[in-house]
Amino acid sequence: ICQRIIDLRNGTGKSQKEVADALGITASVLSRLERGETKFISHDLIIALAEYYNVTTDYLLCVSDVRIRKNVELEELGLSNKHSFYFYREELIPKC
């Protein structure tokens, strides 16, 4: 996570202090995060970082390389009418 935070901040051209101020933390906390010296990062801070940089939390946590969640039109999923019906109703598809 530390390298992702560094890369994202460097991509904005902002200083640690500017980012820290925007997140409501101190520059020293952000510095420790970037150096990997923090063993625990609160969920709230992870979400705040993701929102600030407009990336997914999965991207921030290196679970995914997809930076921005994409909304997909249902037609793009290639579902049949029957499967679309179950999808819309948030139901499991019954086995035939």
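I1 sits in the segment before helix 1 (2-12). Together with L61 and V63, I1 makes a nonpolar surface patch of about 240 Å². Patches like this are built from residues with over 30% relative accessible area and no salt bridge, with nonpolar side chains (Val, Leu, Ile, Met, Phe, Trp, Tyr) joined within 5 Å and like charges within 9 Å.

A word on what you're looking at: this is a predicted model, where local features need pLDDT of at least 70 and side-chain atom pairs count only at pLDDT 80 or more, while totals for chains, interfaces and linings use all residues. Residues are numbered from 1 along each chain as its sequence is written, and side-chain values use heavy atoms, with hydrogens and water left out.

Now step back to the whole chain. There are six helices and zero strands, so defined because helices (H or I, at least four residues) and strands (E, at least two) are DSSP runs, numbered from the N terminus. Read along the sequence, that gives the pattern α-α-α-α-α-α. Of the 96 residues in the chain, 28% are buried. The accessible surface comes to about 7100 Å², and 52% of that belongs to carbon and sulfur atoms; areas here come from the Shrake-Rupley method with a 1.4 Å probe, and for residues only the protein chains shown count as cover. As for contacts (heavy atoms within 4.5 Å), take those in the chain with a separation of 6 or more: residues 24 or more positions apart account for 42% of them.

What about the inside? In soluble globular proteins, nonpolar side chains tend to be buried together. Here the largest nonpolar core has 17 residues, and L30, L49 and L60 have the most contacts inside it. Helix 1, helix 2 (16-23), helix 3 (27-34), helix 4 (43-53) and helix 5 (57-60) each supply at least two residues of this core, with helix 4 giving the most, five residues. A core of this kind is a set of buried Ala, Val, Leu, Ile, Met, Phe, Trp, Tyr and Cys residues joined through side-chain atoms within 4.5 Å. If you follow L30, leaving aside its neighbours within four places in sequence, you'll find it in contact with I5, R9, Q16, V19, A20 and I25.

Just after helix 1, G13 takes a positive phi of about 75°.

Over in helix 4, A50 counts as buried, at 4% relative accessibility. A50 and L8 are 42 residues apart in sequence and 9.9 Å apart in space, C-alpha to C-alpha. Not counting residues up to four places away in sequence, A50 touches V55, T56, T57 and L60.

Next come the charges. A search of the whole structure finds four salt bridges, each a side-chain nitrogen of Lys or Arg within 4 Å of a carboxyl oxygen of Asp or Glu. One of them joins R4 and D65, with the closest N and O atoms 2.7 Å apart. R4 lies in helix 1 and D65 in the loop between helix 5 and helix 6, so this pair ties together parts that are 61 residues apart in sequence. R4 is buried, at 15% relative accessibility, whereas D65 is exposed, at 63%. Another bridge joins R9 and E34 (2.6 Å, N to O). R9 is in helix 1 and E34 in helix 3, so the pair ties together parts 25 residues apart in sequence. Both R9 and E34 are buried.

The rule asks for a pair of cysteine sulfur atoms within 2.5 Å, and the count comes to zero disulfides. C2 is partly exposed, at 27%, and C62 is partly exposed too, at 42%. C62 lies in the loop between helix 5 and helix 6 (81-88), and its phi is near 65°, a positive value in a residue other than glycine.

Conventions: Buried means under 20% relative accessible area, exposed over 50%, partly exposed in between (1.4 Å probe, protein chains only).
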